[in-house]
Amino acid sequence: MRHYRFSGLLVTSEMELTGALAGAPDGAPDVAIRFGEVPRALPNPSETGPAWAREGDTILLCVPNLARFLISDGNAITVALEDGASARDASGFVLGSSLGMLLHQRGAFVLHGSAVAMNGRAIIVCGRSGAGKSTTAAALCQKGCSFVADDVCVVSLDADGTPRVLPDGRQLKLWQQSIDQLDLEARRGGVVREAFDKYFVAPDTMAGEPPVLDAIYQLRKSRPPFEDGIEPLAPPDALRMLQAEAYRPMLRQRLSTPQHRVAQSVALLRHAGAYMLTRPLDFARLDATLDGLLEHWRGLRP
Amino acid sequence: MPRACERSFPLLRAGALGVTVTMTLDTVLRRDPDIVYAPLGDDGVMLNIDAGSYHSLNQVGVRIWDLLETPRTARALRDQLLAEFEVGESDCEAATLDFLGKLLERGLIHAEA
C-alpha cells in the first residue's frame, strides 16, 4: 500500500501514482484507491457527460482502451485496467479527473487553474486552454515563485474564513528550458507547451501551512477591444468567473446546490481579489506582463 | 386627485418579452424565491437561478433587498429609506422606483397584481 497527500487529502493506494508525492501514513486515510471490478455502465444514471456517468454518490469514468474508474462517496476510487493497458498511464486519470470528481463529491471548491506562491501567499491563474495559464505559472516560477498546484486547485477556508490553496501533491511539471524559448516558439506559431522539456521537481510549498490566497487572475489574450492590463472584476463578473473556471463546471453544477456554490464563491471573494489579466499575444512581451502581474500582486499583500 | 407615479417597465424574462408591468407606489413587491443572495462587504451579490445571471447591489440596494424580506409597497420602501438616508423625497422616490424597475426587469422581484 502506498501513501500520498493530495489537495489536503490523505490517500492510500494499491496503484503507484506516477508523479505524486509520497506522504507518511499518519492518520486515517481520506481516500482509498484500489484495483477491482468496475462495471461498464451504471444501471440508472441521473446524468451523463463525455466519458462519465453519475448515479447518486457514484461516478463512472470510462477511458477507452485504458481503464474504468469508479469514484464513490467522496472517499474511494476503484480502478479496472483494460486488457494491455498500463497502470502508469491510468494513474494520470486518477490524479486528474478521478480525484477532481471525488473532490466535487466532497463539496470542495476546486478551480481549474495553476497556483503559485511566494512568502506564504498564493495566486491562482485561470483561463481557457490556450490562454497561457501554465506558461504564466511556469514563468512566474522562474521569477522566484514556487508551484502550488497545476490543473486542480483546491481552495479551503480556515475557521476565520482565510482562503488557502492546497498543494496538489504532485511532483510538478516545470518547464525549465522553455521560458527562453517562448519567443522563438511563439514566432514559429507552434504550441509552446508541447515544446517544453518536462521534468519533475518537489515543490517546497509542501512543507508547512498551505499558502493564503491573495487573488485569482483570469487570463485572456489581448485582441480588440481588450487591451493589455489588469482590471478588477465587478462582483457579478467575479462570481461568473468562479463558476466558469471551476474544475469541470457542469459536474460541479450537478453535484452541488446554487446556494452552496454562491456561498463558496462569496466566502472566497471576501478575502481574495478577482482580476482579469489581459496579456499581449506576443510572447516577446511576456516578461513585462509577468513583472506587471508581480507588481500588482505585491500591491495586494498586507 | 392623488398624485400617481406610474411607470411601465418592460419585462425581459424569457416568455414574457414585450409584456410590461405597471408599477405604482402602491404596487406590492416581493422577492423571487429562487434568488440566492449573499452579502459581500458593504455590497451584496445575487444569483438568479432560473436565468443563471449574477447581479450586485450597493449599500442602499442591500437595504431595499433586506426590507423586501416581507413583501411591501414601493411607497412603504420609499418612506423607510427617507427615514434612514439623507435624501430628499423626490430624489428618493425616483431612485427607488428606478431601482425597483431594474429588479423587476431582471426577474429578481415580482409585482403583485
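Start by selecting α2(B) and α3(B): these helices are oblique to each other (angles under 35 degrees count as roughly parallel, over 145 as roughly antiparallel, 65 to 115 as roughly perpendicular and the rest as oblique). You're looking at a predicted model, where local features need pLDDT of at least 70 and side-chain atom pairs count only at pLDDT 80 or more, while totals for chains, interfaces and linings use all residues. Residues are numbered from 1 along each chain as its sequence is written, chains are lettered from A and ligands numbered from 1 in the order in which they are written, and side-chain values use heavy atoms, with hydrogens and water left out.

**Stop 1: the helix pair in chain B**

Two packed helices are described by the angle between their axes and the distance between the axes. Here, α2 of chain B covers residues 74-84 and α3 of chain B covers residues 89-105; they pack at about 130 degrees with axes 10 Å apart. (Axes are lines fitted to C-alpha atoms, for helices over the stretch in contact, and angles run from 0 to 180 degrees between N-to-C directions.) Helices (H or I, at least four residues) and strands (E, at least two) are DSSP runs, numbered from the N terminus.

Look down on the pair and you'll find that α2(B) passes α3(B) in a right-handed crossing.

Now show side chains. On α2(B), pick A74(B), L77(B), R78(B), L81(B) and L82(B); they meet E89(B), C92(B), E93(B), T96(B), L97(B) and L100(B) of α3(B). Contact means heavy atoms within 4.5 Å. (Ala, Val, Leu, Ile, Met, Phe, Trp, Tyr, Cys and Pro count as nonpolar, Asp, Glu, Lys and Arg as charged, and the others, Gly among them, as polar.)

**Stop 2: the rest of chain B**

Zoom out to chain B as cartoon: 3 helices and 8 strands, running β-β-β-β-β-β-α-β-α-α-β along the sequence. Select β7(B), β3(B) and β8(B), which in that order form an open antiparallel sheet. At its edges sit β7 (72-73) and β8 (109-111) of chain B, each pairing on one side only. (Two strands pair if DSSP finds at least two bridges between them.) Strand β3(B), residues 28-31, is joined to β8(B) by 3 bridges in the antiparallel sense, and L29(B) stands opposite A111(B).

How much of chain B is buried? Of its 113 residues, 39% are (buried means under 20% relative accessible area, exposed over 50%, partly exposed in between, with a 1.4 Å probe and protein chains only). Counting contacts in chain B between residues at least 6 apart in sequence, 49% join residues at least 24 apart.

**Stop 3: over to chain A**

Chain A brings 8 helices and 17 strands. Its 302 residues are 53% buried, and 65% of its contacts between residues at least 6 apart in sequence join residues at least 24 apart.

Select strand β17(A), residues 273-279: 7 of its 7 residues are buried, so the strand is largely enclosed by the rest of the structure. In a regular strand the side chains alternate between the two faces of the sheet. Colour β17(A) that way: G273(A), Y275(A), L277(A) and R279(A) lie on one side, A274(A), M276(A) and T278(A) on the other, and all are buried.

Which strands pair with β17(A)? Strand β15(A) runs parallel to β17(A), joined by 7 bridges, with Y217(A) opposite Y275(A). Strand β16(A), residues 229-232, runs antiparallel to β17(A) with 4 bridges; one pair to click is I230(A) and L277(A).

**Stop 4: two single residues**

Next, L213(A), in β15(A) (residues 212-221). It counts as buried because its relative accessibility is 1%. Beyond four places in sequence, its contacts include I123(A), V155(A), P163(A), L268(A) and H271(A).

Then go to S91(A) in helix α1(A), residues 87-105. Buried or exposed, this S91(A)? Buried, at 1% relative accessibility. Leaving aside neighbours within four places, S91(A) touches M15(A), E16(A), L17(A) and T18(A).

**Last stop: a helix pair in chain A**

Finish with α2(A), residues 133-142, and α8(A), residues 286-300, which pack at about 75 degrees with axes 11 Å apart. That makes α2(A) roughly perpendicular to α8(A). Show T135(A), T136(A), A139(A) and L140(A) against L286(A), L290(A), L293(A) and L294(A). By class, the contact of α2(A) with α8(A) holds 6 nonpolar, 2 polar and no charged residues.

Key: A crossing is left-handed if the near helix is turned anticlockwise from the far one by less than a right angle, and right-handed if clockwise.
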